[in-house]
Each structure stands twice: as C-alpha cells, then as structure tokens.
Amino acid sequence: MTKKLLIVESPAKAGTIKKYLGKDYEVTASMGHNIDLPKSTLGVDVEHGFEPKYITIRGKGELLAKLKKAAKAADTVYLATDPDREGEAISWHLAKALNIDLDSCCRVTFNEITKNAVKQSIKEPRTIDMDLVDAQQARRVLDRIVGYKISPILWEKVKKGLSAGRVQSVATRMICDREEEIENFVPKEYWTIDAVCRDKKSKKDFAAKYFGENGKETELTCREDADKILNDIKELTVTAVKNGELIKNPPPPFTTSTLQQDASRKIGFSTYKTMQVAQNLYEGVNIGGKTGSVGLITYMRTDSLRISAEAQREAIAYLSDEYGKEYIKPRQFKSGRNSQDAHEAIRPTSINITPESVKDKLTNDQYKLYKLIWERFAASQMASAVYKTENAVLTSGSHTFKANGSEIKFKGYMRVYVEGSDNAKEKDKALPPLETNSVVEIKSIDSMQHFTKPPARYSEAALVHALEENGIGRPSTYAPTITTYYIKGICTQS
C-alpha cells in the first residue's frame, strides 16, 4: 500500500519532486483542471446566488478515476497544485472528488521546487484556503457570464467566432481607442536646429541643440523661423557649465508582468512563450550531476517584489566574491499598492546556478529567459550606477543652445544587467572640458524639418504595461488574452 500520495498539476513537476521525496511517496499529476463549468451551457445559476454548476471535463474522466484509485490506496493524500488561486481551486475540486476532508491539512504549496523547499513544505501542510477558492470561483463565474452573454451579440452584429471576455473586452477597447487616435491624428510641423561645435582648447567636437530665444524655449513651426535663426548665428559663446552626478538605481526583481515586458523587448518572446518557458524552468530541468532535475526559478505568477532573507544572503555572498564588496547593496523593494504579495518575486532558486553553468543543459529559449531572470535578480542586490553629467549653455546674441553629455563613472549593477525599454535612446557622449566665456568653433549648423507622429500601436510589452497600469486583469491573464488576439486575427505577430 502506498503510504503517501502527492498530487501536483504537471508530469514534469511530478518527476522533479519524486526524486526529492523518495520511495515513501507516490507523486502523480492532475494535468491541470479536471472539473469545470460545462462548455455547452452557461453553467451558472444567476437566479440563485450565481451558483456554479461543475462537471468533469470531457476526456478527464479516466484520469480522475485513476486519481481516485490512487487516493483510496494511500494513507495520506497531499494536494500540491500551483500556489495561486487557480491551483487552490484545483485542489478544492480534487478534495471533493477524492473524498478528502476539506478541514484536513491536505494542502501543500511550493514557491520553488528545490529539495529543501519541497521537504520543508511537506512538513507544513495546511487546510485549503477557501478565500482563494472563492476568489477563483468569482472570477470564473464572471468570465463565464461576460463571455456567454456578450459573445452571441458579437456573432450576430459583427462576425461569427468572435468572443468576449472580462479582460479581453476591455483590452480590445484600449486597442481600438488607440487605433482611433492614430486614424484621427493630424501631424504638426516643427523644426530643429543642430550644431556641431569644436572646443578650440581641447580640439574635441560636441553637439549642441537650439533651445530658444531670450532664455525661453522656442518652438520653430516653419522653415522661415529656422532660416532666420541660422542667419543670425555667427559664433557661439559658452555662458554656463554645470557638472554633476546622476545616480541610477537597479530595477527590482521581476514580477509576472515586468518579466513579460522585458522578455518581449530584450529577447523577442511573446507573453505566451515567456510564460511557457518560465513554467518549464519552475517545474524542473535536469542539469545533470548530483543535482539532477531541479526547479531553476521561483513561481512565475506573482505581483510581489519581496525576496526571502535566505535568497538575499546567498546573493550577497556570491556577488561579493564575484565583483567585490563595492558592487554590493542589499535591497528589499516595496510591492505595489494592489499587490497580493502571495509569493516572492521571480528569481533563480539559487544564484550559484549561473546561466553559463547550465547553458548546455537548457534549450536556447530556456537559457535566454533564465539568463534574463538571473541577471535581473543579481542586479537588484548591487550598487547603483553613477554617471558624471555635464550641461553647457551656449549663446549667440539672444539665441540659446544647450549641450548635454554624460559618461559612466561607476557601473554598479550595470556590470550585470541593463533594463530594456520601448523608448531606448542612444546615450549622450561626454562633453569636452568647456570653459565659461570661451568661444567655440561652429563646424556645421543645420535645420531639419519634422512632423509630430501619432501614438504607436501597442506592442505586447506596451499593452501589458497599460493593462497593469489601469488595473485591468491580473498578470496571469495577459498571456492568454494576447494569444486570443492572434488566434482571432485581431493582431499579427511581427
């Protein structure tokens, strides 16, 4: 007779955990949900408290029968589905189907799938959290009502096969509003004047941009405005020089949404692909040697910036040895106001497992994402980067030009990681050592015509950011929402 049965969601996770628990445990997978609302009907009694009507999912009957048989043969059954609302609901459905006492301590959760974390969690089982279950049910019921009530209207009025959803519908509205902005946009002409100057003393060139007249910023709206200024400029005199420092702090470790955004910008992953690869890294990868199969990252569905004291200590020790104490700055980041803070931020389960050390054991996609997660976490515990900044004001009569420069003084966390951006700009170069009241040589000065541009269409990263910023949905819903757009032909992947 099997002494103890542990049920997880995926076979990959089951294989990893089995190695940690040994022969006293049977570890099997539920393959996600086995019980859900019916597809053919609404499945919600709107007249009687919105009571959901659950059924066994088609095709899952045989698996559920096997789980019942295994549970009956075991002395103890632990439900170790994912540590989120969805996982809690799966455990609740399983407990009811397998006749497990809902008041018993049958629920086990892992924030990371490592030997220590798994063994410690098994020692601390708890009851099923009905608040989480109810939260999942409320979302599921609302999804169903929105989808089943609005979708038929779309079929009748727009096109067969379209669907509506609680998050999807609002996100679609945002996309349509942006498209309308683009269509209605009227370009506005403006001109800029750029000069290439040379400091006579150092013989070094630098760029200066026209700012305005009489100390006030001036907008040039036509060629005549620009030509008038070009005719006025004979030479430029340095009237003010200001040197300073810019401190740039590292970004926090990843949450689900920031991982999706940065993976899109930096390595070109779709939100769906990011979550799929992250799931693999979380559930376990065989990295060989004595370690064998191990979960490389913590749970990837989180909105928290918190990291454990143990992970922080390990990171500080590793980074001190690797880069020196001057590069270390232990940090804890404050999570957002609406954060549930149920799990840690996304981080490597051990910073000592470097991306390069496991590169040959990972697929190319796994390596890219693991490297991104590892570097972001490492950077979060490092010192700030320091830039030396230079700002100069140059004048010619009543006209003012400005020149800005910067150079890195101390790389800090940027030795490990540089954050991706949808609006990345080329870094300024250092200015020559300009002196106040010195006259600089104008090597060239040109005007250029521009037109204002409409707002850009949403990239996946930008849409995820906008949804989160507006409090629409949860990070775990963004990937399936965006994937639906591709399936329905609303978007095309570049």
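1. In this predicted model, α8 and α13 are roughly antiparallel to each other, a label given to angles over 145 degrees between N-to-C directions. The axes of α8 and of helix α13 (residues 460-469) come within 8 Å and cross at roughly 160 degrees, the axes being lines fitted to C-alpha atoms over the stretch in contact, with angles that run from 0 to 180 degrees. Helices here are DSSP runs (H or I, at least four residues), numbered from the N terminus.

2. α8 passes α13 in a left-handed crossing, where left-handed describes a near helix turned anticlockwise from the far one by less than a right angle, and right-handed one turned clockwise. On the α8 side the contact (heavy atoms within 4.5 Å) is made by S257, Q260, Q261, S264 and R265, and on the α13 side by E460, A461, V464, H465 and E468. These residues divide into 2 nonpolar, 5 polar and 3 charged; Ala, Val, Leu, Ile, Met, Phe, Trp, Tyr, Cys and Pro count as nonpolar, Asp, Glu, Lys and Arg as charged, and the others, Gly among them, as polar.

3. Within α13, the buried residues include E460, A461, L463, V464, A466 and L467, buried being under 20% relative accessible area, exposed over 50% and partly exposed in between, with a 1.4 Å probe and protein chains only. After α13 comes G471, with a positive phi near 70 degrees.

4. The packing of α8 against helix α12 (residues 364-380) has an angle of about 120 degrees, with the axes 11 Å apart, and α8 and α12 are therefore oblique to each other. Oblique is the class left after under 35 degrees (roughly parallel), over 145 (roughly antiparallel) and 65 to 115 (roughly perpendicular). The crossing of α8 and α12 is right-handed. T258, L259, D262, A263, K266 and I267 of α8 meet K368, L369, L372, I373 and R376 of α12, and the residues of this contact divide into 6 nonpolar, 1 polar and 4 charged.

5. The loop between α8 (256-267) and α9 (271-283) contains G268, which counts as exposed because its relative accessible area is 59%. The C-alpha atoms of G268 and E460 are separated by 9.9 Å, although these residues lie 192 apart along the chain.

6. With a disulfide taken as a pair of cysteine sulfur atoms within 2.5 Å, the count comes to 0 disulfides. C197 counts as buried because its relative accessibility is 0%, whereas C176, at 46%, counts as partly exposed.

7. Residues are numbered from 1 along each chain as its sequence is written, and side-chain values use heavy atoms, with hydrogens and water left out. For this predicted model, local features need pLDDT of at least 70 and side-chain atom pairs count only at pLDDT 80 or more, while totals for chains, interfaces and linings use all residues.

Terms used
Helix = DSSP H or I, 4+ residues; strand = E, 2+ residues; numbered from the N terminus.
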